[in-house]
Amino acid sequence: MAKTAAATVWRGTRRAAGALVDGLFPHHCALCDRLSRRTLALCEECECSLTFNSNGCERCGLPDTPPGGSPCPACRGGFAFDRVLAPLSYDATLAALVGRWKYRRELALTALFADLWLRHAPSPDLPDRVLPMPLHWRRLCWRGFNQSERLATAIVRGHPALAGVPVDRRLLRRPRPTGSQAALGQRERRDNMAGAFTTRGPCDNLHLAVVDDVCTTGATADAAARALKAAGARRVDLWCIARAPATTQR
């Protein structure tokens with residue numbers, strides 16, 4: 001009861017603070033650039049134009065998957081992760097926003113993506129730790145920041161139930177450069193990611209949540225989960241903004 005009351009007070013305080021900040025520094029919509037007149041940096045019309053992943057696979061999040069029954073086509077390949085929370089389906093509109101965030105360094109979009117995840121993702125099972133998907137050091141130097149680390153931090157700070165859950169930036173490592181996955185098909189992506197991750201120390205019986213921006217074929221998340229489970233993790237979930245539909249995967 002005390003935790004529930006504290007969470008209610010926290011949410012009320014956050015809404016009041018958000019209203020004050022929005023009054024002083026009004027948000028503009030990240031898509032149409034009009035005043036959004038809300039704490040989210042998207043107007044209602046542009047938010048409704050996004051493609052929500054309301055019928056995703058219960059396990060891997062693949063959009064437009066019939067509920068129940070046999071594993072979806074993506075899951076039949078045997079993923080090592082246990083659950084994907086991806087509230088949006090990856091479409092051209094979202095791809096443009098993610099591109100601005102990652103490649104044009106519009107870092108203010110971090111808050112927008114975290115807000116979209118917090119508003120629309122299913123309630124997560126609380127993990128022992130939250131892990132950003134790591135970048136190889138060369139990619140990190142070239143980009144200047146790890147978008148998954150920023151997203152993970154914003155999600156944990158914005159979700160009252162995650163208070164006290166650490167964001168562990170060291171446990172999962174990416175010692176081998178893998179190159180761009182954008183032009184690769186599903187099989188090539190899996191081959192490219194094989195053995196790409198290691199861990200710093202054991203993960204004995206831990207429930208871990210790995211945060212990434214977009215899950216396309218699941219190859220990157222699968223490789224990360226395999227490394228974590230080889231180190232003893234009990235469960236590995238993936239939290240991401242969006243999951244690509246099967247029609248965009250080769």
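Trainee: What is the accessible surface of the protein, and what share of the surface belongs to carbon and sulfur atoms?

Mentor: In this predicted model, the accessible surface of the protein comes to about 12800 Å². Carbon and sulfur atoms account for 54% of that surface. The protein has 250 residues, of which 48% are buried, and the secondary structure consists of eight helices and seven strands. Among contacts between residues at least 6 apart in sequence, 71% join residues at least 24 apart.

Trainee: Why is S54 called exposed?

Mentor: The relative accessibility of S54 is 63%. Exposed means over 50%, so S54 counts as exposed. This serine lies in the loop between α2 (44-49) and β1 (83-85). S54 and L88 are 34 residues apart in sequence, and their C-alpha atoms are 7.9 Å apart in space.

Trainee: Why does A161 count as partly exposed?

Mentor: A161 has a relative accessibility of 38%. Buried requires a value under 20% and exposed a value over 50%, so at 38% A161 counts as partly exposed. A161 is in the loop between α6 and β4 (172-173). Its C-alpha atom is separated by 7.7 Å from that of L126, which is 35 residues away along the chain.

Trainee: Why is E47 called buried?

Mentor: The relative accessible area of E47 is 9%, and buried means under 20%, so E47 is buried. E47 belongs to helix α2. Leaving aside residues up to four places away in sequence, E47 touches R38, L40, L42, F52, L116, R119 and H120.

Trainee: What makes the span of α3 agree with its twelve residues?

Mentor: At 1.5 Å a residue, the twelve residues of α3 should span 16 Å, and the end C-alpha atoms are 16 Å apart, so the two values agree. Just after α3, R105 takes a positive phi of about 60 degrees.

Trainee: Which residues of α3 are buried, and what covers the buried residues of α3?

Mentor: The buried residues in α3 are L94, L97, V98, G99, R100, W101 and K102. Their cover includes β2, α4, α5 (137-143), α6 (147-158), β6 and β7.

Trainee: How far does helix α4 reach from its first C-alpha to its last, and what is expected?

Mentor: Helix α4 (residues 109-120) has twelve residues and reaches 17 Å, close to the 16 Å expected at 1.5 Å a residue. Within α4, the buried residues are L109, T110, L112, F113, A114, D115, L116 and W117.

Trainee: How many aromatic pairs are there, and why is the pair of F79 and F81 called stacked?

Mentor: There are three aromatic pairs. The ring centres of F79 and F81 are 4.5 Å apart, and centres within 6.5 Å make a pair. Their planes stand at 20 degrees; planes under 30 degrees apart count as stacked, so the pair is stacked. F79 and F81 are both buried.

Trainee: What makes the pair of W101 and F113 tilted?

Mentor: The ring centres of W101 and F113 are 4.8 Å apart, with 50 degrees between the planes. Stacked requires under 30 degrees and edge-to-face over 60, and the rest count as tilted; the pair of W101 and F113 is therefore tilted. Since W101 lies in helix α3 (residues 92-103) and F113 in helix α4, the pair ties together parts that are twelve residues apart in sequence. W101 is buried, as is F113.

Trainee: Why is strand β7 described as largely enclosed?

Mentor: Eight of the nine residues of strand β7 (residues 235-243) are buried, so the rest of the structure largely encloses it.

Trainee: How do you know that strand β6 and β7 are joined?

Mentor: Two strands pair if there are at least two bridges between them. Strand β6 (residues 207-215) is joined to β7 by eight bridges, and the two run parallel. The chain goes from β6 through helix α8 (residues 219-230) to β7, a β-α-β crossover that is right-handed.

Trainee: How many bridges join β1 to β7, and over how many bridges do strand β2 and β7 pair?

Mentor: Three bridges join β1 to β7 in the parallel sense, and L85 stands opposite W239 in β7. Strand β2 (residues 88-89) and β7 pair over two bridges, again parallel, which reaches the cut-off of at least two. S89 stands opposite R243 in β7.

Methods. Residues numbered from 1 in each chain as written. Predicted model: local features only at pLDDT ≥ 70, side-chain atom pairs only at ≥ 80, totals over all residues. Heavy atoms only, no water. Helix = DSSP H or I, 4+ residues; strand = E, 2+ residues; numbered from the N terminus. Buried < 20%, exposed > 50% of the residue type's maximum accessible area, 1.4 Å probe, protein only. Contact = heavy atoms within 4.5 Å. Areas by Shrake-Rupley, 256 points an atom, 1.4 Å probe, with all protein chains shown as cover. Expected span 1.5 Å × (residues − 1). Phe/Tyr/Trp six-rings, centres within 6.5 Å; stacked < 30°, edge-to-face > 60°. Right-handed = clockwise from strand over helix to strand, strands pointing away.
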